[in-house]
Amino acid sequence: MAGDLHTHTSFSDGSFAPEELVAAAKKIGLNYLGITDHDTVDGVRHLYENGHLPDRNIHIIPGVELSANHPASEVHLVGYNIDMYNAALIEMLDKIQEARWERFSQIVKTLQDKKFAIRETDILKTADTSRSIGRAHIARALVKIGAFKSVREAFDKMLAKGQPAYVERYLPEVDEIIDVIHRAGGKVVLAHPKLVGDNALVETLCNKVDGLEVYYPCHSPEDVAYYSSLAEEHNLMITGGSDFHGTSSRFVKSLGEFTISDELAAKFSSSLNLRFD
Ligand SMILES: [Zn+2]
Ligand SMILES: [Zn+2]
């Protein structure tokens, strides 16, 4: 019995529909599942509005993962147990979506200028229910037409920061994200601190957030010890998850490959007063 508090569905860049993700989680016996799509709460809303929440067999924690503006580091914040209908939250997510669409068009245009035979519609067809069109979708389309061998290669050679088809996009500031998540009744967790790549910055952020994602696939035992001590020092909640994206996950191949203990997931959940319990 275990939990996974960090997962993505097909409403952002994951490949599992929300129902499929929940079914897979129940099948392998997870007791806690955090659904934390990038820039959208539509996956969890979809579950709720179709009568799948609450679910007696699993605790579903509604979440959203937001990238914060930072010149050098990858700062991702996860809002947990947010009110998915909160106006301030929806306003911020809408603004991010709009910027994503603009960037999407710019990237596709750049690729076309570089003679890649892709069209917006081809990518959108593969993106299906996604509400946050991003580089992952474009990368998959590039792989599909044989331009690159893998999504990773498409990023490394074309789409990643510093590469020819990279386009900046609007990202909210850390403080703005924290404020909006709190206004939506949620708690803010700093995701995958190791990927921030800057311990001084992580320590500064620990003064602002409510929790730290201590357990993450690429964290070594030493990292876990370090982040646990940081969490204790700053009186932060401790979370963990696999960042499961379905077939295109960065670190895990299947759901259940990386989990946290039931005790830990239960402790985190009980401090939240879960909306769907
Ligand atoms: Zn992330
Ligand atoms: Zn994630």
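**Figure 1. Packing of helices α5 and α6.** In this predicted model, helix α5 (residues 135-144) and helix α6 (residues 151-159) pack at an angle of about 105 degrees, their axes lying 9 Å apart. Axes are lines fitted to C-alpha atoms, for helices over the stretch in contact, and angles run from 0 to 180 degrees between N-to-C directions. Helices (H or I, at least four residues) and strands (E, at least two) are DSSP runs, numbered from the N terminus. α5 and α6 are therefore roughly perpendicular to each other; angles under 35 degrees count as roughly parallel, over 145 as roughly antiparallel, 65 to 115 as roughly perpendicular and the rest as oblique. On α5, the contact is made by Arg135, Ala136, Ile138, Ala139, Arg140, Leu142 and Val143, and on α6 by Val151, Ala154, Phe155 and Leu159. Two residues are in contact if their C-beta atoms, placed from the backbone, lie within 7 Å. The residues of this contact of α5 with α6 comprise nine nonpolar, no polar and two charged (Ala, Val, Leu, Ile, Met, Phe, Trp, Tyr, Cys and Pro count as nonpolar, Asp, Glu, Lys and Arg as charged, and the others, Gly among them, as polar).

Residues are numbered from 1 along each chain as its sequence is written, with chains lettered from A and ligands numbered from 1 in the order in which they are written. Because the model is predicted, local features need pLDDT of at least 70 and side-chain atom pairs count only at pLDDT 80 or more, whereas totals for chains, interfaces and linings use all residues.

**Figure 2. Packing of helices α4 and α5.** The angle between α4 and α5 is about 105 degrees, and their axes are 9 Å apart. These two helices are therefore roughly perpendicular to each other. Asp122, Ile123, Thr126 and Ala127 of α4 meet His137, Ile138, Arg140 and Ala141 of α5. Four nonpolar, two polar and two charged residues make up the contact of α4 with α5.

Figure 3. Eight strands form an open sheet of mixed pairing, in the order β7-β6-β5-β4-β3-β2-β1-β8. Its edge strands, β7 (237-240) and β8 (260-261), each pair on one side only; two strands pair if DSSP finds at least two bridges between them. β1 and β2 are paired in the parallel sense over four bridges. Asp4 has Leu33 of β2 as its bridge partner. Helix α1 packs on the sheet, touching β1, β2 and β3, and its direction makes about 155 degrees with that of β2. Helix α10 (residues 221-233) also packs on the sheet, where it touches β6 (211-215) and β7; the direction of α10 makes about 160 degrees with that of β6.

**Figure 4. The buried side of helix α1.** Pro18, Leu21, Val22 and Ala25 are the buried residues of α1 (residues 18-27). They lie on the same side of α1 because they cover an arc of only 95 degrees around the axis, the arc being that of the directions from the helix axis to the C-beta atoms. A residue is buried if 20 or more other C-beta atoms lie within 10 Å of its own, exposed if 12 or fewer, and partly exposed in between, with C-beta atoms placed from the backbone. The cover over these buried residues includes β1 (2-7), β2, α2 and β3. Just after α1, Gly29 has a positive phi of about 85 degrees.

Figure 5. Most residues other than glycine have a negative phi, and most peptide bonds are trans. Asp39, in the loop between β2 (30-35) and α2, has a positive phi near 60 degrees. Asp39 counts as buried because it has 26 C-beta neighbours inside 10 Å. Lys115, in the loop between α3 (87-113) and α4 (120-127), has a positive phi near 75 degrees. Lys115 counts as exposed, with 7 C-beta neighbours inside 10 Å. Leu53 and Pro54 are joined by a cis peptide bond with omega about -5 degrees; Pro54 is in the loop between α2 (42-49) and β3 (59-68).
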